[in-house]
Amino acid sequence: MGGRGALLSIARNLDLFNSAAGISGIYDKISYKRSMKLISIYGPFSKHKERWEKTDNLLKLAPKLKNTPILIYCGKKDVRVPPIQSIIIAIKLKKFKKLQFIQDPKGTIEWRHFATKALPVVMKFFDKNLEK
């Protein structure tokens, strides 16, 4: 699902989740409106502007997450999903005081890094927030 899918799922189902972790997600999909991957999901921007800009736009849905603990984790060396994507959503969520933002200076999106560096951080976050 990815970071974007995790946050989008919780924004739509607040009654089902009490916390979420987004790892290297594309949170500002408007900046990717020419991405064939996103077009295959949302349709062309020109024909589905409402969906791109509002319905499935995490930057617009961020206020729904104001009472939800959120972890945003990204690697500074991620070449597939630019870290600016995580920074943008972190800025949006920061005002709600339930955000933990981590940008690993050596981080990549490779499995080995995820398994050894990111996963322990994510599990600690959920251990803390699922106790409630």
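Colleague: Which residues in α1 are buried?

Modeller: Gly3, Arg4, Gly5, Ala6, Leu7, Leu8, Ile10 and Ala11. Bear in mind that this is a predicted model.

Colleague: Let's step back to the whole chain. How many helices and strands are there, and what pattern do they follow along the sequence?

Modeller: There are 6 helices and 3 strands. Reading along the sequence gives α-β-α-α-α-β-α-β-α.

Colleague: How do you know whether the radius of gyration agrees with a compact globule?

Modeller: Set the value against the rule. For 132 residues, a compact globule would have a radius of gyration near 14 Å, and the chain has 15 Å, so the two agree. The C-alpha trace spans about 40 × 35 × 25 Å along its principal axes. Buried residues make up 41% of the 132.

Colleague: What share of the contacts links residues 24 or more positions apart?

Modeller: Of the contacts with a separation of 6 or more, 66% come from residues 24 or more positions apart. As for the surface, the accessible area is about 8100 Å², with 58% of that belonging to carbon and sulfur atoms.

Colleague: Now the sheet. What is the strand order, and is the pairing parallel or antiparallel?

Modeller: It's an open sheet of 3 strands in the order β1-β2-β3, and the pairing is parallel.

Colleague: Why are β1 and β3 called edge strands?

Modeller: Each of them, β1 (20-23) and β3 (99-104), pairs on one side only. From one strand to the next, the twist averages 10°.

Colleague: How do you know that β1 and β2 count as paired?

Modeller: The cut-off is at least two bridges between two strands. β1 and β2 have 4 bridges, in the parallel sense, so they pass the test. One of the contacts to look at is Ala20, whose bridge partner in β2 is Ile70.

Colleague: And how many bridges join β2 and β3?

Modeller: Strand β2, residues 70-75, pairs with β3 over 6 bridges, again in the parallel sense. Ile70 stands opposite Leu99 in β3, and Cys74 stands opposite Gln103.

Colleague: What makes β2 mostly covered?

Modeller: 6 of its 6 residues are buried. Ile70, Ile72 and Cys74 point one way, while Leu71, Tyr73 and Gly75 point the other way.

Colleague: Which strands does α6 lie across?

Modeller: Helix α6, residues 111-130, lies across β1, β2 and β3, and runs at about 165° to β2.

Colleague: Let's look at single residues. Why is Trp52 called buried?

Modeller: Its relative accessibility is 0%, and the buried class is anything under 20%. So Trp52 counts as buried. Trp52 sits in helix α3, residues 49-55. Leaving out residues up to four places away in sequence, Trp52 touches several others, including Ile30, Tyr42, Pro44 and Phe45.

Colleague: What is the phi of Ser24 near, and why does Ser24 count as buried?

Modeller: Phi is near 50°, a positive value in a residue other than glycine. Ser24 is in the loop between β1 and α2. With a relative accessibility of 9%, Ser24 counts as buried, because the limit is 20%.

Colleague: And Lys97: why is that one called exposed?

Modeller: The exposed class starts over 50%, and Lys97 has a relative accessible area of 71%, so Lys97 is exposed. Lys97 lies in the loop between α5 and β3. Its phi is positive too, about 65°, although Lys97 is not a glycine.

Note on methods:
Residues numbered from 1 in each chain as written. Predicted model: local features only at pLDDT ≥ 70, side-chain atom pairs only at ≥ 80, totals over all residues. Heavy atoms only, no water. Helix = DSSP H or I, 4+ residues; strand = E, 2+ residues; numbered from the N terminus. Axes fitted to C-alpha atoms, helices over the stretch in contact; angles between N-to-C directions. Contact = heavy atoms within 4.5 Å. Buried < 20%, exposed > 50% of the residue type's maximum accessible area, 1.4 Å probe, protein only. Rg over C-alpha atoms; globule rule 2.2 N^0.38 Å. Areas by Shrake-Rupley, 256 points an atom, 1.4 Å probe, with all protein chains shown as cover.
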